[in-house]
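Please open the model in a viewer and keep the sequence at hand.

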Amino acid sequence: MPNTKSAKKRFRQDAVRRDINRARRSAVKTQIGKFLDAVHGQDVNLAKEQFRLVTKTLDQTAAHGTYHKNIVARR
């Protein structure tokens, strides 16, 4: 457990950031799953829309620092 005041604050901040990052990663996985379902269902229009949303979500997570930009580029 943290002892100093600044370490205690950092501990609290880390907990909040961890929850935010977990939610963002979950949102990315959900979007990728929806896109893959559309591709496997052979629905071209839905797949195009889902692809746009996946790229948008990935770019946003990279901008916030949840994912590194190279990981986003690979996915």
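Select phenylalanine 11 first: the residue is partly exposed, with a relative accessible area of 46%. Here partly exposed covers the range between buried (under 20% relative accessible area) and exposed (over 50%), using a 1.4 Å probe and protein chains only. Phenylalanine 11 belongs to helix H1; helices are DSSP runs of H or I with at least four residues, numbered from the N terminus. Leaving aside residues up to four places away in sequence, phenylalanine 11 touches Met1 and Pro2, where contact means heavy atoms within 4.5 Å. Display the C-alpha atoms of phenylalanine 11 and methionine 1 as well: they are 8.6 Å apart, and the two residues are ten residues apart along the chain.

Before continuing, please note that this is a predicted model, in which local features need pLDDT of at least 70 and side-chain atom pairs count only at pLDDT 80 or more, while totals for chains, interfaces and linings use all residues. Residues are numbered from 1 along each chain as its sequence is written, and side-chain values use heavy atoms, with hydrogens and water left out.

**Salt bridges**

How many salt bridges are there to look for? The count comes to two, a salt bridge being a side-chain nitrogen of Lys or Arg within 4 Å of a carboxyl oxygen of Asp or Glu.

Select aspartate 14 and arginine 10, whose side chains form a salt bridge at 3.9 Å, N to O. Aspartate 14 and arginine 10 are four residues apart in helix H1, so about one helical turn separates them. Aspartate 14 is partly exposed at 35% relative accessibility, and arginine 10 is likewise partly exposed at 48%.

Next select arginine 52 and glutamate 49, which are joined by a salt bridge of 2.7 Å, N to O. Because arginine 52 and glutamate 49 are three residues apart in helix H2, about one helical turn lies between them. Arginine 52 is partly exposed at 44% relative accessibility, and glutamate 49 is partly exposed at 36%.

**The loop between the helices**

Select glutamine 42, in the loop between helix H1 (5-40) and H2. This residue is exposed, at 71% relative accessibility. Most residues other than glycine have a negative phi.

**Where the helices meet**

Now show H1 and H2 together. They pack at an angle of about 160°, with axes 9 Å apart; axes are lines fitted to C-alpha atoms, for helices over the stretch in contact, and angles run from 0 to 180 degrees between N-to-C directions. H1 is therefore roughly antiparallel to H2, a label given to angles over 145 degrees. Residues making the contact include Arg24, Ala27, Val28 and Ile32 of H1, and Leu46, Phe51, Val54 and His64 of H2. The contact residues divide into twelve nonpolar, five polar and two charged. In this grouping, Ala, Val, Leu, Ile, Met, Phe, Trp, Tyr, Cys and Pro count as nonpolar, Asp, Glu, Lys and Arg as charged, and the others, Gly among them, as polar.

Finally, select glutamine 50, in helix H2 (residues 44-64). Is glutamine 50 buried or exposed? Glutamine 50 is buried, with a relative accessible area of 11%. Apart from residues up to four places away in sequence, glutamine 50 touches Gln31, Lys34, Phe35 and Ala38.

Conventions
Helix = DSSP H or I, 4+ residues; strand = E, 2+ residues; numbered from the N terminus. Parallel < 35°, antiparallel > 145°, perpendicular 65-115°, else oblique.
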